[in-house]
Structures are given as structure tokens and as C-alpha cells.
Amino acid sequence: MGIENEYLIAEKFVVKLIQASDYPTEHPFNDYPRTPESMPVKMLIIIYAFTRNESIIKSYVKKCKSVEHGNFSAIKYNQEISELSWLYYLIVGAMEKGKICISNVFGEEKTIIDNGKQFEYAFFIDNPRCIAAFEVKTLTCDPFIKEEELAISDGKKLVKPFFPQLKDSEYLKNQSESIILTSSTYYYQMEQNIKRIAAKCRGSNVSGEKLYCFGVVFISASTSFEEFYSYLFNAKYGLFPIIHSSKIDALTLVSFDMRNDLILDNLYRNGYVQTFVVHPSEELLKICQALRLDNYIAIGNEVNEDVLKKSRELYGSYKILNREGFVGIVPADASENEINEYVSYLKGQNIR
């Protein structure tokens, strides 16, 4: 059977499931295939064409409905789409690179560790023979949602303490020209999510196969990617000790770009996927490379020098971008030329 026929069969299966699920009128899936917002449906189709795992597809069709109290929840939807997008990223990356053979993909139906908890999904890998299990958490970090009455004024300066312990610091008291983002510090949320991932990995492996545990933190609409370096590796406050003492083998930070290509390779090329290999081995590094997880910020105790330098920062300085219909956060030191180039990119069609 040709690839095109495989795709059409998978498309028919997925679309039929969605239509039978009575999605809310405003749900992005209802626009498939007419808008970029319905791209996750295409992800489901490709995942099914590759895995033929009906239970995973049915599970995500149900999850992605994202109804709370009878209404569509955009926040819940973004969380479920993060899980789905990550599964898609891993599968198409493995297909594209062809360096490992994934013989099976399974979801929460299989017990791997005897702790009463289930990973979101896992792969049987033939070479090297093992299971790679993934637990995905999402942080919604948009300051325009988190901060009360944050006026969207172009060029307005913002200062953000990375750690709650700094909210009353002298440094912040001297920032009279800036808005202080006290509700957009995600240190505690990051800590709790890492602990939840670690809890999934705790216990005895009952799968009968060698096991690698991968944690993933999806960062949605954050003020910056680099602040998470401080959360992880800051000498005083960093979460490195918690991670290193856990059974998490690799922890990946990932964020979407403003526009993304079909195989999400722009995330890999532009450093929107970055991995801390906690317990490195030659075999684990081979798996990371095959799954496009080899933009390393740390391997074992060795932290990338630029990352380590950034992790010493306790505060972030930004300014609001509100131009030509685009709203966002940019670094405080971004020049007018850099901002204009960025706006031109947002207005264009090319994916960087």
C-alpha cells in the first residue's frame, strides 16, 4: 500500500473520530484542513499512519476536546496539544533521521514501573533494545494572562525576578520606571512539575526491558527561554540537585516558535528544544541524537558554559512589543532594527 493511501486511510479514521466526539463549535479541530490552527489534526493522522495504535489516537481525540464545565478551555487545549505535539515531534524526527527503529508506540495502557503511575507514552526501540518513556508537563507562562491589568503599551519596560525569594529585593525597589512581573515567576511551578515527573520514574522497572525515562517541560508564551537556565542551574536556587538525584534520565525544555514547519524541525534548528542529559551513557546519547534531543544544555555534571553564565542571572529585563497587530515580549536591549526585523518576519510567510 502506498504512502498516500496510508495517509488517506488514517485521515478517514481520525476525522471520523473527531466528528463523532461532538467538539465545541469554536474548537480549532473543526477548521481542519482549512487553517494552521487545525494542524494538530494532521499530527494525529500522521501518528496513526505510523503507529496504527487506535487507543492513543482515541485518547488524544478525547483529551483535545478540552471541555471544562461545559465550555471549551483554551488553557486545557494548549496543555493537551503540547503532549500531542511532542509525540509527533519524536515520531517524525525518528522517521526523518532513520537512526533508530521504533517497533511500537504505546500509551497509558502498559505498566512500566510498579508505582501505580503511567507515562504519557513510550516507545519500544529495537536498536538499542530498550523502552524510552516520556512524561510531558506544560507551563502556561504568558504574562498578559498571569499579571493583573498589564497594559499592552509598546516599549514599556518590564523587570522580572526569577525566584520568589527576590520579590522584595532592593534591586526591584529601584526599578521605578519598570513594571515588576511578580506573578510571572515559574520557579515553584517548575519545581513541582519536575517532582511530578520524578515521581513517575520512581519504583521498579517491571517492563522486562531496559528503560530510559524522559521528562519534558513545554514552555508556553514565556518572557524568555533563558530564565529556565536559572531555575535549573543557579548555584543558590537551582533545581539541579532534585533532578540529579532522581531517576529522570533526560529532561528537555521545549517551546513553540511563532510559526512552525510540518516536521517541527525549526524547533530543533533554532534551539527551541534543549536537553539536560541527567544520567548520560553512550546508548542514551545515541537515542537523544536519533530523536532530535541533542541540543544539550548539560550532560551529567557538565553544564554548557553559556548556559551556566546565564544561570547566574536573578532578574530578567524586557519590554513590550505591540506593533502592527503583533503583541509579545522582547529583550530590554533589543534595538529598533532588531525589533523591526522581527516584526517583518512575523508578517512574512517564511519559517526561520
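Which residues does Thr185 touch, not counting residues up to four places away in sequence? I looked this up in a predicted model. Thr185 touches Lys160, Pro161, Phe162, Phe163, Pro164 and Tyr231. I placed Thr185 in the loop between β7 (179–180) and α7 (187–201). Its side chain reaches the backbone oxygen of Pro161 at 2.5 Å. I then checked accessibility. Thr185 has 10% relative accessibility, so it counts as buried, the cut-off being under 20%.

Next entry: the helix pair. I looked at α2 (residues 39–51) and α3 (residues 54–63). Their axes come within 9 Å and cross at roughly 165°. That makes α2 roughly antiparallel to α3. I noted the crossing of α2 past α3 as right-handed. From α2, the contact uses Leu44, Ile47 and Tyr48. From α3, it uses Glu54, Ile57, Tyr60 and Val61. By class, I have six nonpolar residues, no polar ones and one charged in this contact.

Next entry: backbone. Most residues other than glycine have a negative phi, and most peptide bonds are trans. I looked for exceptions. Ser66 is not a glycine, yet has a positive phi of about 55°. Ser66 sits in the loop between α3 and β1 (67–68). His69 also has a positive phi of about 55° and is not a glycine. I found His69 in the loop between β1 and β2 (71–72).

Are these two residues buried or exposed? Ser66 counts as buried, at 1% relative accessibility. His69 is exposed, with a relative accessible area of 81%.

Last entry: cis peptide bonds. The bond from Tyr32 to Pro33 is cis, with omega near 0°. Pro33 lies in the loop between α1 (3–20) and α2. The bond from Asn127 to Pro128 is cis, with omega near 5°. I placed Pro128 in the loop between β4 (121–126) and β5 (129–140).

Methods:
Residues are numbered from 1 along each chain as its sequence is written. This is a predicted model: local features need pLDDT of at least 70, side-chain atom pairs count only at pLDDT 80 or more; totals for chains, interfaces and linings use all residues. Side-chain values use heavy atoms; hydrogens and water are left out. Axes are lines fitted to C-alpha atoms, for helices over the stretch in contact, and angles run from 0 to 180 degrees between N-to-C directions. Helices (H or I, at least four residues) and strands (E, at least two) are DSSP runs, numbered from the N terminus. Angles under 35 degrees count as roughly parallel, over 145 as roughly antiparallel, 65 to 115 as roughly perpendicular and the rest as oblique. A crossing is left-handed if the near helix is turned anticlockwise from the far one by less than a right angle, and right-handed if clockwise. Contact means heavy atoms within 4.5 Å. Ala, Val, Leu, Ile, Met, Phe, Trp, Tyr, Cys and Pro count as nonpolar, Asp, Glu, Lys and Arg as charged, and the others, Gly among them, as polar. Buried means under 20% relative accessible area, exposed over 50%, partly exposed in between (1.4 Å probe, protein chains only). A polar contact is a pair of N or O atoms within 3.5 Å; within protein, one must be able to donate a hydrogen and the other to accept it, and residues adjacent in sequence count only if both atoms are side-chain atoms.
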